[in-house]
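I opened my notebook to record what I could look up in this structure, entry by entry. I wanted to begin with the chain as a whole and then turn to its side chains.

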Amino acid sequence: MSRASKLTLLGTSAFALGTVALVHWQQQAEKEAMHAGVIRDMEQQRIKRERQLDFEMQRELENEYKKLQTVRDVTDQMDPVPAKPSSALAEGLPKPSAAAASIPVGGTIGTGTGTGEK
């Protein structure tokens, strides 16, 4: 066999072994990733079952408390909020004084005047 054929055989053999090793490594990595997904799914199902049991326990407690207590819905019995204040409410409010009307609005801070002058 010539030197070129030996190098070609060696190169192709090395390439084939490298390819087989790479494919094997990829399969192992995919298998581990899939297994991790299964474990994650099992943990999520466990958490979901625990939450469902907690919910059912809370529902049973609520039903038990409703048997022991009288609970009524008062939102149906409430009057709607009036659009305008009633006359009784308006009569109970203090009238604005003349001093309140003389309070300056705006102006420069710290000058004590209502104008923009210093």
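The entries below follow the order in which I looked things up.

**Entry 1: the kind of model and its confidence.** I noted at the start that this is a predicted model, and I therefore looked at the predictor's confidence, pLDDT, which runs from 0 to 100 for each residue. I found a mean pLDDT of 82 for the chain, with 64% of its residues reaching 70 or more. When I went through the elements, helix H1, residues 3-68, had the highest mean pLDDT at 96, whereas helix H3, residues 98-101, had the lowest at 56.

**Entry 2: the overall fold.** I looked up the secondary structure and found three helices and zero strands in the chain, so that the pattern read along the sequence is α-α-α. I then looked up burial, and wrote down that buried residues make up 1% of the 118 residues in the chain. For the surface, I recorded that the chain exposes about 11,600 Å², of which carbon and sulfur atoms supply 61%.

**Entry 3: the annotated start of the chain.** I checked the UniProt record, an unreviewed entry, and there residues 1-21 are listed as "signal peptide".

**Entry 4: salt bridges around Arg46.** I asked myself how many salt bridges the count comes to. The count comes to three salt bridges, and I began with the one between Glu43 and Arg46, in which the closest N and O atoms are 2.3 Å apart. Glu43 and Arg46 both lie in helix H1, three residues apart, which is about one turn of the helix. I next looked at Glu50, whose side chain meets that of Arg46 in a salt bridge at 2.5 Å, N to O, and I saw that Glu50 and Arg46 are four residues apart in helix H1, again about one turn. I wrote that Glu43, Arg46 and Glu50 are linked in a network of salt bridges.

Entry 5: I then turned to the salt bridge between Lys66 and Glu62, where the closest N and O atoms are 3.3 Å apart. Lys66 and Glu62 are separated by about one helical turn, because they are four residues apart in helix H1. I recorded a relative accessible area of 47% for Lys66, which is partly exposed, and of 42% for Glu62, which also counts as partly exposed.

Conventions. Residues are numbered from 1 along each chain as its sequence is written. This is a predicted model: local features need pLDDT of at least 70, side-chain atom pairs count only at pLDDT 80 or more; totals for chains, interfaces and linings use all residues. Side-chain values use heavy atoms; hydrogens and water are left out. Helices (H or I, at least four residues) and strands (E, at least two) are DSSP runs, numbered from the N terminus. Buried means under 20% relative accessible area, exposed over 50%, partly exposed in between (1.4 Å probe, protein chains only). Accessible areas come from the Shrake-Rupley method with a 1.4 Å probe; for residues, only the protein chains shown count as cover. UniProt positions are given in the numbering used here, feature names are shortened, and annotations may be inferred rather than shown by experiment. A salt bridge is a side-chain nitrogen of Lys or Arg within 4 Å of a carboxyl oxygen of Asp or Glu.
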